[in-house]
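Have the sequence and the 3D view open as you read.

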Amino acid sequence: MVVILPVSMLAADQASAMVYSHGPALLNGNNIPRTSAIFSGDLVQTTKDSVANINATGSTVLVLNDSLIQYEGDSVSLEHGGVTVSTSKSLSTHVGDVKVSPTSNAWTEFEIRDVDGKVRIMARKGDLTVSDETGTTTLAQGQETTRDEHWEKKKKKKQGGTGTAPAATGSVLDSPVAIGIGTGVVVGVAAWALSRDDDPASPAR
């Protein structure tokens, strides 16, 4: 007897994970039914009135409301919004230049929120490794920290562009250097005039 399985069941068997929506959510721009298979590279987007759960072997990702993430199999890329990750498979999360990873394969829980270019990282259970352009640090269980989503962009913004140099305030002749030069010229002319007066007048004069 040959048993033909529905395509949805075959997809679920081959999928990297399953996603469960709670409210109106999107998978690659399409409405998610109650449950759907999800593969590496898929996008999950929630609204202000919905959340979504991604269940993979050894890991669960809660996509918070008003968020956009890309599922990448062994990691999650957070575009905006927030996620809560529970994993025993060292599932990492990327937010711009920031990477957050469990320090071990022990059960780890953490939350990440990306708001206005600021990445807030909270270690709920277990320690985390936080890496960005400034280096790598360890975030202990129960602690939280904040990072800039794009450190290089912030660095360039602080340095500023070439642009036009700001206009100097006041007249050039008001500067101490100009005043010093002017005084020297006046003194020099006066000394020259006095020395000329010391000379005896010539017949021509």
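## Salt bridges and a buried tyrosine

Asp 132 and Arg 147 are both buried, where buried stands for under 20% relative accessible area, exposed for over 50%, and partly exposed for anything in between (1.4 Å probe, protein chains only). Their side chains meet in a salt bridge, 3.5 Å from N to O. That pair links distant parts of the chain: Asp 132 sits in strand β14 (residues 128-132) and Arg 147 in strand β16, 15 residues apart.

Some housekeeping before going on. This is a predicted model, so local features need pLDDT of at least 70 and side-chain atom pairs count only at pLDDT 80 or more, while totals for chains, interfaces and linings use all residues. Residues are numbered from 1 along each chain as its sequence is written, and side-chain values use heavy atoms, with hydrogens and water left out.

How many salt bridges does a search of the whole structure find? It turns up five, a salt bridge being a side-chain nitrogen of Lys or Arg within 4 Å of a carboxyl oxygen of Asp or Glu. Here are three of them, including the one above:

| Pair | N to O distance |
|---|---|
| Glu 111 and Arg 124 | 3.1 Å |
| Lys 118 and Asp 148 | 2.8 Å |
| Asp 132 and Arg 147 | 3.5 Å |

Take Glu 111 and Arg 124, which meet in a salt bridge. Glu 111 lies in strand β12 (residues 108-115) and Arg 124 in strand β13 (residues 118-125), so this pair ties together parts 13 residues apart in sequence. Strands here are DSSP runs (E, at least two residues), numbered from the N terminus. Glu 111 is buried at 11% relative accessible area, whereas Arg 124 is partly exposed at 46%. There's also a network of salt bridges here, linking Glu 111, Arg 113 and Arg 124.

Next up is the salt bridge between Lys 118 and Asp 148. Lys 118 belongs to strand β13 and Asp 148 to strand β16 (residues 144-148), so the bridge ties together parts that are 30 residues apart in sequence. Lys 118 is partly exposed, at 40%, while Asp 148 counts as buried with 18% relative accessibility.

Is Tyr 71 buried or exposed? Tyr 71 is buried, with a relative accessible area of 2%, and it is found in strand β8 (residues 68-71). Leaving aside neighbours within four places in sequence, Tyr 71 has contacts (heavy atoms within 4.5 Å) that include Ser 16, Ile 38, Phe 39, Ile 54 and Val 76. Val 44 is 27 residues away from Tyr 71 in sequence, yet their C-alpha atoms are 7.6 Å apart in space.

Notes. Helix = DSSP H or I, 4+ residues; strand = E, 2+ residues; numbered from the N terminus.
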